Amino acid sequence: MNLAGKRILLGITGGIAAYKCPDLIRQLKKKGADVRVVMTESATHFVTPMTLQAVSAHHVVNDLFDPTAELSMSHIELAKWADLVLIAPATANIIAKLACGLADDLLSTLCLATPEPIAIAPAMNQQMYKAKVTQQNLARLAERNVLIWGPDKGFQACGDIGPGRMVEPATLAVNIEDYFTTSNALAGMTITVTAGPTIEELDPVRYISNYSSGKMGFAIANAAAEMGAKVVLIAGPVHLDTPANVERINVKTAQEMYNAAIQQAQQSTIFIACAAVADYRAATIAKQKIKKQDNNNEIVITLVKNPDIVASVASLKKDRPFVVGFAAESHNIEAYALKKLITKNLDLICANDISNQQIGFNADQNALTLYWQHSITANEKKSEQETLPLCNKQILAKQLIKKIIQRYKASQNEKKN
Ligand code: PMT
């Protein structure tokens, strides 16, 4: 009865998978949840309100202007009643409406009015799912922390094969359980994250930097805060809003990032270095603009090494946190990632293959291969590796945080034994 006392508002939209909703309600109720149903007009063509009322044991509503429904519980009260809103199946249409903030029927209005988390289980024809606009809408929802569960791939009712099948009711019920168990799973932990690029000035108008947007690091900070951690985000110069419940420290240079990181590290349970830090800075910053030299085709700017932030944190003798680094590599990914894992003495390195233009720097999506220190073989050439496949950075960040926590807890237990 892991969902005992939890109140789930199930929104059903007009897709063939709606016929699975009575089973979904049954599974949620079996786990102890109280389920109320809101349907769109189209959904009533796939499953009857009477069936849903019988399994949920509540009156089913689908009309924003139903005076009897408003008398028993107004739509605003209903929006406040829920601990979680799940839309399953979620059609391309409701996804587009939510992405735009439309409120033209009861379900979309409830979604705008609820302060509680919203999860969606997309279900539609595979081509509609792959359509650029649907993908953009899903990315916008993920950015706003809407939980996106699925879709599954396979045979579709229309005869097509591909992604677009609603995730099975049993899996959705487990996802909801997982959500409630992980939503406070990191309470009591402090997680420090570095994100974005650094800027190293050459003169008053020029600098050395890179294309890091900060999106990956901000998504990690957001995921950790959502799971209840105290999160400190040390951010290079980026144009991103600070995620909710995250303390942000803005820095510009690698040296500033180093100073902030060293201050935070010993109070942190976990330190995640996602920033793309400039390895070098100018030995001297010209006070005035460096002028073009008419008689010289070359100029020489001497660069000096910046401190290695993550390696310094990992070498702390006292109160060393669990340390995670990132490696953006375009070739020999495993070899370079392992080299960084070992030389910087990290617990985990997350490699992104930036030869794929769709991922890594300044992209909305990413894919990661994780190499763990604890599983490096004796000859130090191989480590256990896990892949987190291509998906939106917000979703990927949540998967990554769960992996880190699992390993962190295992390492704590190993220390005790
Ligand atoms: O910001 P986005 O646009 O979302 O892009 C995300 C990202 C691609 C920048 C991110 O996923 C990533 O891979 N960051 C690490 C980039 C990199 O290759 O770093 P590196 O190889 O220079 O450094 C390896 C590790 O050491 C990193 O954890 C880095 O933060 C850390 N480092 C590096 C140099 C330095 N002086 N101090 C450090 O802490």
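Modeller: There are zero disulfides here, a disulfide being a pair of cysteine sulfur atoms within 2.5 Å. The model is predicted, so local features need pLDDT of at least 70 and side-chain atom pairs count only at pLDDT 80 or more, while totals for chains, interfaces and linings use all residues. Residues are numbered from 1 along each chain as its sequence is written, and side-chain values use heavy atoms, without hydrogens or water.

Take C21. The cysteine sulfur closest to that of C21 belongs to C111, and at 14 Å it is too far for a bond. C21 is also buried, at 0% relative accessibility (buried is under 20% relative accessible area, exposed over 50%, partly exposed in between, with a 1.4 Å probe and protein chains only). C274 fares likewise: its closest cysteine sulfur, in C350, is 8.0 Å away, too far for a bond. C274 is buried too, with a relative accessible area of 12%.

Now the helix that holds C21. Helix α1 spans residues 21-30, and its buried residues are C21, P22, L24, I25 and L28 (helices are DSSP runs of H or I, at least four residues; strands are runs of E, at least two; both are numbered from the N terminus). These residues lie on the same side of α1, because they cover an arc of only 160 degrees around the axis (the arc of the directions from the helix axis to the C-beta atoms). Their cover includes strands β1 (7-12), β2 (34-39) and β3 (84-90). Helices α2 (49-56) and α9 (169-182) are also part of that cover (contact means heavy atoms within 4.5 Å). Just after α1, G32 has a positive phi of about 100 degrees.

Step back to the loop between β1 and α1. T13 sits there. T13 is buried, with a relative accessible area of 2%. Its side chain reaches the backbone nitrogen of T91 at 3.2 Å (a polar contact is a pair of N or O atoms within 3.5 Å; within protein, one must be able to donate a hydrogen and the other to accept it, and residues adjacent in sequence count only if both atoms are side-chain atoms). Leaving out residues up to four places away in sequence, T13 touches A18, T40, A43, I87, P89, A90, T91, I94 and L107. So, C21 and T13 are both buried.
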